[in-house]
Amino acid sequence: MNCATSLGMLSDYHDGLLGEMESLLVRQHLSECAPCGGVYYELEMIVIKAGELKDECSLTFANEALIWQRMFSPSSQPNT
Amino acid sequence: MTSAENPNQQAASETLQQGTDYVLAQRAAAGEREAFEVLYHRHFRRVYALCLRMTANQNEAEDLTQEVFTQLWRKIGSFRGESAFTTWLHRLTINYVLMHFRKRKSRPEFTSEDEETPEQIVRGTENPETMPVIDRIALERAIAQLAPGYRTVFVLHDVEGLEHEEIAQALGISPGTSKSQLHKARLNLRKLLRQQTTS
C-alpha cells in the first residue's frame, strides 16, 4: 500500500470501518511509514479530544438568565 | 417574590432541583414553569454548546438556543421517557439547527473535492517540532474555522457521537458522503491546529 491510499483510509481505519484485509494493509503501512504514522497519531488525538468536548467544553457561554427572560418576555411568549 | 422569602416555597424549590428530568418534564408539560426552569438551567450549556459548535456564530447560537427551549416548552408533553431526556433534547436541538440551516438556505455544502493532496499532508509530519499539542481551546477554535459542511459532520460524529447513518439521514446525504466529509474535516483540523502552533 502506498501513502496516498493509506492516507485516504485513515479515518475509516480509525473508526473500524475497513474490511479485515484493508485494515491489515493500512496497519502494516503505518508501522513502516513514519510520516503516515505521524498523521494517524495526530488524527487520533483530534478524535480523542473532540470526544472530550461534549462534557468538558471550554466555550464562552451566553447569558443564561437573559435568554430565559427573553423566552418569556411578552413579545416572545412561548404559549402565544 | 423569590422562593427564599418563604420556607414552603424554598422547600418546593429544593424538591424541584432534586427531581429527575422525567418528573420535571411531566410537571412542565402540565404547565409548571418552575419545573421547566430547572430543566432549562440543567441543560442550557449542552444545548448552547451544540448550537455554537454547529453555527460557529455566537448571536446565531443564542437565538437558536432560545428557539430550541421555546420549542421544548411547547413540545415537552411529547416526551414519553422512552429514551433519556438528554438524548431526546439533543436530537431536538440537532433537528432544530438543521432546520434552521435549511430555512435560511445556509445548508452546509458537501463537496467531493479534496483541498489537500496526500503529499502535502505527509510532508508536514517530517518536522516533529511542529506536532501540535492539542488542547480544548485550540480545538474549539479550529472547529469554528472549518467549512460549514465539514464542521457539521465533524461535530455530529466526533463530538456528539452520532453514527454516519444517522448523520446521513439528518442531512439528506449518503453515509459515504458523511464518511468522506468527516475524513476531510479531520485532515483540515490537523492543518488548522498546525497553523495555530506555528503562528
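Modeller: Let us begin with contacts, meaning heavy atoms within 4.5 Å. Among the contacts in chain B with a separation of 6 or more, 66% are accounted for by residues 24 or more positions apart. This is a predicted model, in which local features need pLDDT of at least 70 and side-chain atom pairs count only at pLDDT 80 or more, while totals for chains, interfaces and linings use all residues. Residues are numbered from 1 along each chain as its sequence is written, chains are lettered from A and ligands numbered from 1 in the order in which they are written, and side-chain values use heavy atoms, with hydrogens and water left out.

Colleague: What is the mean pLDDT of chain B?

Modeller: The pLDDT is the predictor's confidence in each residue, from 0 to 100. Its mean for chain B is 83, and 81% of the residues of that chain reach 70 or more. Over residues 112-126 of chain B, however, the pLDDT is below 50; this stretch has 30 contacts in the model beyond near neighbours in sequence. For the complex, the predictor gives an ipTM of 0.83 and a pTM of 0.78.

Colleague: How many helices and strands are there in chain B?

Modeller: Helices (H or I, at least four residues) and strands (E, at least two) are DSSP runs, numbered from the N terminus. Chain B has ten helices and zero strands.

Colleague: Is B:Thr93 counted as buried or exposed, and why?

Modeller: Buried means under 20% relative accessible area, exposed over 50%, and partly exposed in between (1.4 Å probe, protein chains only). B:Thr93 lies in helix α5 (residues 85-103) of chain B, and it counts as buried because its relative accessibility is 1%. Not counting residues up to four places away in sequence, B:Thr93 touches B:Val47, B:Leu50, B:Cys51 and B:Val68. In chain B, 47% of the 199 residues are buried.

Colleague: How does one describe two packed helices?

Modeller: One gives the angle between their axes and the distance between the axes. Axes are lines fitted to C-alpha atoms, for helices over the stretch in contact, and angles run from 0 to 180 degrees between N-to-C directions. In chain A, the axes of helix α2 (residues 20-32) and helix α3 (residues 34-53) come within 6 Å and cross at roughly 110°. Angles under 35 degrees count as roughly parallel, over 145 as roughly antiparallel, 65 to 115 as roughly perpendicular and the rest as oblique; α2(A) and α3(A) are therefore roughly perpendicular to each other.

Colleague: Which residues meet there?

Modeller: From α2(A), A:His29, A:Leu30 and A:Glu32 meet A:Ala34, A:Cys36, A:Gly37 and A:Tyr40 of α3(A).
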